[in-house]
Amino acid sequence: MLFSSIPFLFYFLPPVLLLYFLTPDRWKNLTLLLSSLVFYGWGEPRFLLFMLASIAQGYAFGRLMERYPRHKRLFLALSAVLSLGLLGYCKYAGFFLRTLGALTGLSLPALQIALPIGISFYTFQVLSYVVDVYRGTVPPQRNLLQLATYVAMFPQLIAGPIVRYADIAPELTRRRHTLTDAAAGARRFVVGLGKKVLIANVLYELMSAFLQSTQPSVLFTWLYAVACALQIYFDFSGYSDMAIGLGRIMGFRFAENFNYPFISGSLTEFWRRWHISLGSWFRDYVYIPLGGSRVRLGRWVLNLLVVWGLTGLWHGAAWTFVLWGLYFAVFLLLEKLFLGRLLRRLPVLRHVYVLTAALFSFVLFDASSLSAAIGAAGSMLGLGHLPMWDGGTLYYLHSYAPVLLAAAVGSTPLPAVLCRRMAAGRAGRVLDALEPIALLALLAVCTAFLVSGSANPFLYFRF
């Protein structure tokens, strides 16, 4: 069930929120857990078994570490094997068999394994909890209901952000519910819904038009690259906004997941602003344990390649994703060695560099195959004797110019800065009065788009 769907917005969410706030505080976790299980099992109830098994083993090994501290390393290894084994079987078994067959020439069976929605997200949450218990960062949770609520809560279950147990452990035990928080959460949710439905979904139509074209021009390929980067950003950041908003309504404070990455002055900064919860997870649970940057140059390069190869692989079981991760690893390596110092002296060109590198990266990210990625990148460079533009390109540029402009401006802090300045001035009271009306109007427009059957994909479902 998508947040940006009629069943969720009008059949699931209203009764769940009503029941949640009518429930006494001591039963709110149970209400949230049961509603989350319904949410997750809506389409494929059998996938509930995978998530419940992951929760059970995380809980069991956390308790065993507490009871038998001398063997906690063994329990950590067993939990990691189970978590990663389940993820590897569901998500990567077919990919590895195809790769092995291509390398050896063997005729191996083609596995068709349905991917449980959100398994990459809840697996990382269980892993981080068990590792933190092993490190002594958090005490093991003795209440299975609270741990299950942490892993399964529907606001962040299928698409993150990847919430650390340590960050919300106090709120699992006791949390405040205020009208101010509920209003702020509702505002964040509706704005995220607008980003997803009115910008990301419309840009997806432009991307689809390019992929269906038989003879794209150079300009059309660049238009596709821009639409792709902005679509992925608004798709995922919009969904993160909705998750953060729902959590706020229910008394949880989830960390931010995006911070205007396209204004970055380097790709290192870009990744501090993009999918923040994933980047910090790999930093704390993979990169630093490997030695981080406090090792010899050769080992540091290896650490960087491993982390970014895994980051790419986390996004999907295909070599295009692995190469996408390694693509960023090379740039981050160069920035650390010498390019970063150069970029600091070039205030304008560094932003051009970031945007150009990002556009090529998202073409690779969205490609169905490596050959398709190479073909699109070649078209952007003017290779292949393609025309610079044609009538079809100009038609799409004219048709989608408003949403492209809105997306470009919306990916910067400018709208938020203007709203804060207006709110602090004399117009603040007027804006406060008009805000509920504007949010209801935005919700109505989004609903109209969804009812009309407009494209409503969500790429992070495959993760």
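How much space lies in the second largest pocket? I get about 850 Å³. Before going on, a reminder to myself that this is a predicted model.

**Entry 1: second largest pocket**

I listed the 29 residues that line this pocket, and those closest to its centre are Thr-268, Glu-269, Trp-271, Arg-272 and Leu-332. Then I checked which elements give two or more residues to the lining, and found α10 (267-273), α11 (276-287), α12 (297-315) and α13 (319-344). Helix α13 has the largest share, with 8 residues. By residue type, I have 13 nonpolar, 8 polar and 8 charged in this lining.

**Entry 2: largest pocket**

I put the volume of the largest pocket at about 1,400 Å³. It is lined by 38 residues, and closest to the centre I find Arg-187, Val-191, Pro-415, Ala-416 and Cys-419. Two or more lining residues come from each of α8 (179-212), α9, α17 (414-424) and α18 (428-451). I noted α8 as the element that gives the most, at 9 residues. The lining of this pocket splits into 22 nonpolar, 6 polar and 10 charged residues.

**Entry 3: nonpolar core**

Next I looked up the largest nonpolar core, which has 135 residues. Which of them touch the most other members? They are Phe-3, Phe-8, Phe-154 and Phe-362. Helix α9 (residues 218-249) supplies the largest share of this core, 18 residues. For background, nonpolar side chains tend to be buried together in soluble globular proteins.

I then followed Phe-3 and left out residues up to four places away in sequence. Phe-3 touches Phe-8 and Phe-154, and its other contacts include Phe-39, Phe-189, Leu-193 and Pro-155. Tyr-239, Met-242, Ala-243 and Leu-246 are also among the residues that Phe-3 touches.

**Entry 4: helix α6**

Is α6 mostly covered or mostly open? I find this helix (residues 144-152) mostly covered, with 7 of its 9 residues buried. The buried ones are Gln-146, Leu-147, Ala-148, Thr-149, Tyr-150, Val-151 and Ala-152. I checked what these residues pack against, and the partners are α2 (28-40), α3 (48-67), α5 (119-135) and α7 (165-173).

Last, I looked at the start of α6. There, Asn-143 has a side-chain oxygen that comes to within 2.9 Å of the backbone nitrogen of Leu-145.

Notes: Residues are numbered from 1 along each chain as its sequence is written. This is a predicted model: local features need pLDDT of at least 70, side-chain atom pairs count only at pLDDT 80 or more; totals for chains, interfaces and linings use all residues. Side-chain values use heavy atoms; hydrogens and water are left out. Buried means under 20% relative accessible area, exposed over 50%, partly exposed in between (1.4 Å probe, protein chains only). Helices (H or I, at least four residues) and strands (E, at least two) are DSSP runs, numbered from the N terminus. Contact means heavy atoms within 4.5 Å. A polar contact is a pair of N or O atoms within 3.5 Å; within protein, one must be able to donate a hydrogen and the other to accept it, and residues adjacent in sequence count only if both atoms are side-chain atoms. A nonpolar core is a set of buried Ala, Val, Leu, Ile, Met, Phe, Trp, Tyr and Cys residues joined through side-chain atoms within 4.5 Å. On a 1 Å grid over the protein atoms alone, a cavity is a set of points where a 1.4 Å probe fits but cannot get out, and a pocket is an open set with protein on both sides within 12 Å along at least five of seven lines; lining residues have an atom within 4 Å of a point. Grid points are joined across faces, edges and corners, and a volume is the space filled by probe spheres set on the points. Ala, Val, Leu, Ile, Met, Phe, Trp, Tyr, Cys and Pro count as nonpolar, Asp, Glu, Lys and Arg as charged, and the others, Gly among them, as polar.
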